[in-house]
Structures are given as structure tokens and as C-alpha cells.
Amino acid sequence: MPHQSDKKPAETEYSNLGYEILHYRALSSTNQVAKEIARNGNRGRVVVLADTQLLGRGRLGRRWFSPKGGLWLSIILRPKISPKDALKLTFIASSAVAVTIEKMFGLRTAVKWPNDVLINAKKVCGILTETSLQNGDVEFAIVGIGLNANIDLEAFPAFVRSNSTSLQHELGHKIRLRALIENVLKALEHRYGLLQQGLWFTLLQEWKGMASFLGEKVKITIFDEVLTGEAWDVDEDGVLIIRLESGAFRKILVGDVTLLRNL
Ligand code: BT5
């Protein structure tokens with residue numbers, strides 16, 4: 001059921017790259033609305049943007065807090081990839097955000113498996129990629145980017161505040177959201193082009209170059225199961241490989257990584 005606020009964008013803007021940006025004041029979730037738009041047919045390059053989300057979502061049904069001042073957007077893509085490759089879109093979006101933040105603001109960023117961008121080991125951005133399948137193929141993918149831009153951390157509940165940061169908090173001032181959006185879209189478009197050309201290994205290498213958790217002692221939470229070990233590698237499918245204390249290796253397809261040195 002569409003949310004009451006989801007009916008009509010407040011304005012439609014166009015990015016320098018020709019994306020149609022449907023800009024809403026308040027929305028349930030940009031991913032949800034993008035999905036509904038994508039289902040209604042291919043209308044080219046569309047981005048759904050909201051000033052605030054009332055039901056912003058993370059992975060596994062979790063909540064994504066989306067107060068005003070953040071960059072909350074979803075991009076509709078129609079990639080020629082198999083469903084198991086959706087994670088690649090998450091990786092390239094994370095790299096695009098991480099590189100853009102470094103270039104624009106000179107802040108040092110890192111990526112963390114599977115979908116985080118960090119500054120000073122705190123989460124500044126999360127990516128949520130969702131796909132719709134048709135006859136076993138990806139019909140469309142929605143890449144949702146949640147980036148804490150002009151946000152006072154006081155706006156978050158304590159359990160989120162302790163593990164997160166914002167650009168405003170790191171820089172001590174607000175930034176121009178519009179320029180950030182343009183640059184993130186540009187960085188993602190570039191990487192998406194490389195992915196479509198079959199250059200996944202180059203893109204994975206770029207992501208791994210920012211993956212400072214690799215080689216670290218980590219705790220992995222997989223639903224109710226908790227493991228500890230060393231974050232050994234991320235394989236070509238984007239799967240995390242952990243070296244357990246027993247010396248055995250384990251492949252992790254879904255889960256959350258916590259760096260133990262931060263505890
Ligand atoms: C994510 O999930 O990190 C994916 C977040 C994607 C959000 C974007 S915003 C635009 C688009 N529309 C949507 O509805 N979603 C996407 P996950 O890895 O599951 O992390 C979720 C966890 O991060 C929560 O359980 C909280 O602990 C924490 N969290 C919630 N809001 C946060 C925030 N604004 N900043 C940092 N951490 C947050």
C-alpha cells in the first residue's frame with residue numbers, strides 16, 4: 001500500500017548527468033517508492049530523493065533513521081547481471097560514496113562488508129540494494145543510499161548515535177547537499193559503466209583497497225549465531241571469508257561485522 005505521503009513529488013529536478021530526480025519532502029522509503037515506479041515500466045534514469053523518510057529501511061527489515069538533513073535517495077537500475085551479483089551494486093555504490101566524501105571534503109573513509117561506509121570507524125552511510133526478478137533474471141535493481149550529511153547526531157536514538165557519524169559532525173559545518181548528490185551519482189555512474197563492461201575485478205580491488213576491516217579481528221553476527229575470527233578476504237562473489245580461531249575458514253553470505261578493536 002503506498003503511504004499517504006508517497007503520491008506526488010514536491011518537485012522534479014534534473015541532474016547534470018540527465019537523471020530525473022523525483023524530490024519528495026517526506027516519504028515512507030525512497031526504495032519502496034522507486035520500486036513502485038520501476039514496476040510501472042522503464043522511464044529512463046530515475047532517482048527518488050526525500051528530505052526525510054518515515055519508514056526508512058535497512059537490511060533484514062531493520063529501521064534506517066532518516067531525519068531531515070540527510071541524503072536519502074534510491075536509483076533505479078536495469079543491469080544485466082544475475083541475481084547473485086546484486087551485491088556488486090552495493091559494493092560499487094559504497095566505493096562511489098567513500099571516494100566522493102574523500103574528494104569533496106578530505107575526510108578519510110573506509111568501507112565495511114557488506115554495505116557500510118565509515119569515517120573514524122563509525123557508520124556514515126549504508127546501502128540497501130533490492131532486486132526484482134523476472135524469469136530468474138534481474139528485471140531491475142534499486143540501489144538505496146543513506147548518507148548522514150547535515151545531521152546533528154542528537155537526532156538519533158542512543159543505540160544508533162554510539163556507532164554512527166555524519167559529515168556535519170566530522171566537519172563541524174553543514175555541506176551543500178545538491179553538490180554531494182551530483183558527485184555521488186557521477187561516481188556511481190562511472191563504476192556502473194565499468195561493471196557493465198565486465199570490469200568487476202578492478203571494482204572489487206578498489207573496494208578492497210578501502211576495506212580496512214580486512215586482516216582485523218572481528219565478531220560476526222549471523223541472526224542468532226555469533227562468531228569471532230579474522231576477516232580474511234572477500235572473494236570474487238563478494239562473500240566474506242573468516243578465519244576462525246580453530247584455523248578453519250568459513251564463508252559468510254549474510255551477517256554483520258563488528259571490529260573487535262573498537263569495543
Ligand atoms: C543499511 O542497513 O545500512 C542500509 C541503509 C539504507 C538506507 C537507504 S536511505 C535511502 C533508501 N531508502 C530506504 O528505505 N533505505 C535506503 P543495515 O546494514 O541493516 O543497517 C541498519 C542498522 O544501522 C540499524 O539497525 C541501526 O542500528 C543503524 N542505523 C539506523 N539508522 C542509521 C543512520 N542514519 N546512520 C547510521 N546507522 C544507522
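**Exercise 1. Which way do Asp116, Val117, Leu118 and Ile119 point from strand E6, and are they buried or exposed?**

Solution. Asp116 and Leu118 point one way from E6, while Val117 and Ile119 point the other way. In a regular strand, side chains alternate between the two faces of the sheet. All four residues are buried, where buried means under 20% relative accessible area, exposed over 50%, and partly exposed in between (1.4 Å probe, protein chains only).

The model is predicted: local features need pLDDT of at least 70, side-chain atom pairs count only at pLDDT 80 or more, and totals for chains, interfaces and linings use all residues. Residues are numbered from 1 along each chain as its sequence is written, and side-chain values use heavy atoms, with hydrogens and water left out.

**Exercise 2. What is the strand order of the open sheet of 8 strands, and which strands stand at its edges?**

Solution. The order is E1-E2-E3-E4-E8-E7-E6-E5, with mixed pairing. The edge strands are E1 (11-14) and E5, each pairing on one side only. Neighbouring strands are turned by 20 degrees against each other on average, direction ignored; here axes are lines fitted to C-alpha atoms, for helices over the stretch in contact, and angles run from 0 to 180 degrees between N-to-C directions. Within this order, E4 and E8 (residues 137-147) run antiparallel and are joined by 7 bridges, with Trp72 opposite Gly146 in E8.

The loop between E3 (46-53) and E4 (71-77) holds Leu60. Leu60 has a positive phi of about 55 degrees although it is not a glycine, and it is partly exposed, with a relative accessible area of 49%.

**Exercise 3. Characterise helix H2 (residues 86-105) by its length, burial and placement.**

Solution. The expected span of a helix is 1.5 Å times one less than its number of residues.

- Step 1. The 20 residues of H2 should span 28 Å, and the end C-alpha atoms are 29 Å apart, which agrees.
- Step 2. Of those 20 residues, 16 are buried, so H2 is largely enclosed by the rest of the structure.
- Step 3. H2 lies across E4, E5, E6, E7 and E8, at about 150 degrees to E7.
- Step 4. Just after H2, Gly106 takes a positive phi of about 65 degrees.

**Exercise 4. At what angle do H5 (residues 177-196) and H6 (residues 200-209) pack, and which residues meet?**

Solution. The angle is about 135 degrees, with the axes 8 Å apart. H5 and H6 are therefore oblique to each other, since angles under 35 degrees count as roughly parallel, over 145 as roughly antiparallel, 65 to 115 as roughly perpendicular and the rest as oblique. Arg191, Leu194 and Leu195 in H5 meet Trp200, Leu203 and Glu206 in H6, contact being heavy atoms within 4.5 Å. Among the buried residues of H5 are Arg191, Leu194 and Leu195.

**Exercise 5. In what order do the strands of the open sheet of 5 strands stand?**

Solution. The order is E12-E11-E10-E9-E13, with antiparallel pairing. E12 (249-252) and E13 (256-259) stand at the edges with a single partner strand each, so one side of each is left without a neighbour in the sheet. Neighbouring strands of this sheet are turned by 45 degrees against each other on average, direction ignored. Between E9 (residues 217-222) and E10 (residues 225-234) there are 6 bridges; Ile220 has Leu227 in E10 as its bridge partner.

Definitions and conventions. Two strands pair if DSSP finds at least two bridges between them. Helices (H or I, at least four residues) and strands (E, at least two) are DSSP runs, numbered from the N terminus.
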